[in-house]
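Here is a short briefing on one protein model. Keep the structure open as you read, and find each residue as it comes up.

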Amino acid sequence: MNTIALSHYRTIALLAIASTYSSLVLADLPLSLDELLTQQKQTRLEIGLTYANHKQMGLGQAEPVLIQISPTQFISIPSQIGDSESYADTTILNISAKYGFNARTELYARVSALSTQNRRLAFDEVHSQSDSYVSDVWLGINHVFVQENTSPALVAFAELPAYEATSTNSDALKAVLVGFTSYRVTDPIIFSLTSAYKANLKRVLDNGSSYLPSNYFLLSPSIGFAVNADVTLNMGWQWRNVSAAKHNSQTTGLRQTLTDLNIGAGWGLSKKSTVIFNVKTNISGGLGSELGINWVFKL
């Protein structure tokens with residue numbers, strides 16, 4: 001079997017862009033099992049394009065708030081709060097380069113640029129806003145701790161941001177992402193599990209106040225089926241636990257739990273080129289979907 005593509009698991013949930021404007025992404029994990037990492041002293045390039053749309057229903061201003069006091073009773077409190085509705089479309093371009101440091105270790109760098117458009121209806125008025133910018137630059141490492149043999153393979157990864165487009169004065173080295181991927185091949189089935197944790201450090205805003213972005217933990221199991229030597233189909237789910245952010249040490253918002261369904265396919269065009277298609281849609285905890293395509297080319 002020349003190529004068995006693995007799902008890339010890139011959760012751009014870029015859609016929790018919040019104040020940091022940084023994407024929630026996973027490390028650039030290996031895409032094939034016959035060549036787990038980039039070969040020593042060789043380079044591999046990857047170009048990815050992701051589109052995501054999200055809908056939010058919330059409170060704006062104008063109508064009273066209904067507060068439930070029993071399973072069947074509500075009281076109406078006059079307020080300047082009413083219905084609002086918003087939609088967001090985001091397109092993200094990722095470019096990464098990986099270098100084989102040795103047989104078990106791979107170093108990589110990734111830069112992401114995005115274009116986003118937001119449309120919001122509030123007070124019976126339509127508001128729209130669009131923006132485009134380089135969102136972040138990350139440096140990372142993949143290391144194979146266990147090669148697949150009698151036990152499942154284990155690949156660990158870690159990332160640090162060299163640059164993040166935020167509204168703060170401190171936009172580098174203010175976060176860390178660590179995790180692992182484990183997989184087992186039972187030809188033609190591939191079982192894999194990815195887990196990751198991202199921790200953020202406190203940021204100082206331009207006005208002197210402090211802001212601590214949300215941290216998150218995720219778990220993402222997947223099953224892949226090798227249709228033939230060139231094509232692999234993947235299906236799995238992703239569960240995320242996102243902590244509440246803090247402003248001046250005061251918690252803002254709520255802790256969130258989200259579950260997404262992931263479906264993908266990998267197509268080995270040649271020994272040097274692989275294309276990966278993926279779709280992610282929300283099952284619980286939010287509204288929105290993501291479409292992605294990645295092209296990997298070995299130099």
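Strand β10 pairs with strand β11 (residues 210–212) in the antiparallel sense, over 2 bridges. Bear in mind that this is a predicted model.

**The open sheet**
- β10 and β11 belong to an open sheet of 4 strands.
- The strand order in this sheet is β10-β11-β14-β15, and the pairing is antiparallel.
- Which strands form the edges? They are β10 (203–204) and β15, and each of them pairs on one side only.

**Two loop residues with positive phi**
- N248 is found in the loop that joins β14 (245–247) to β15 (250–252).
- The phi of N248 is near 55°, a positive value, and N248 is not a glycine.
- N248 has a relative accessible area of 40%, so it counts as partly exposed.
- L173 also has a phi near 55°, again positive in a residue other than glycine.
- L173 lies between β7 (153–164) and β8 (175–186), in the loop.
- Is L173 buried or exposed? L173 is exposed, because its relative accessible area is 56% and the cut-off for exposed is over 50%.

**The nonpolar core**
- The largest nonpolar core has 10 residues.

Technical notes:
Residues numbered from 1 in each chain as written. Predicted model: local features only at pLDDT ≥ 70, side-chain atom pairs only at ≥ 80, totals over all residues. Heavy atoms only, no water. Buried < 20%, exposed > 50% of the residue type's maximum accessible area, 1.4 Å probe, protein only. Core = buried A, V, L, I, M, F, W, Y, C linked by side-chain atoms within 4.5 Å. Pairing = 2+ DSSP bridges.
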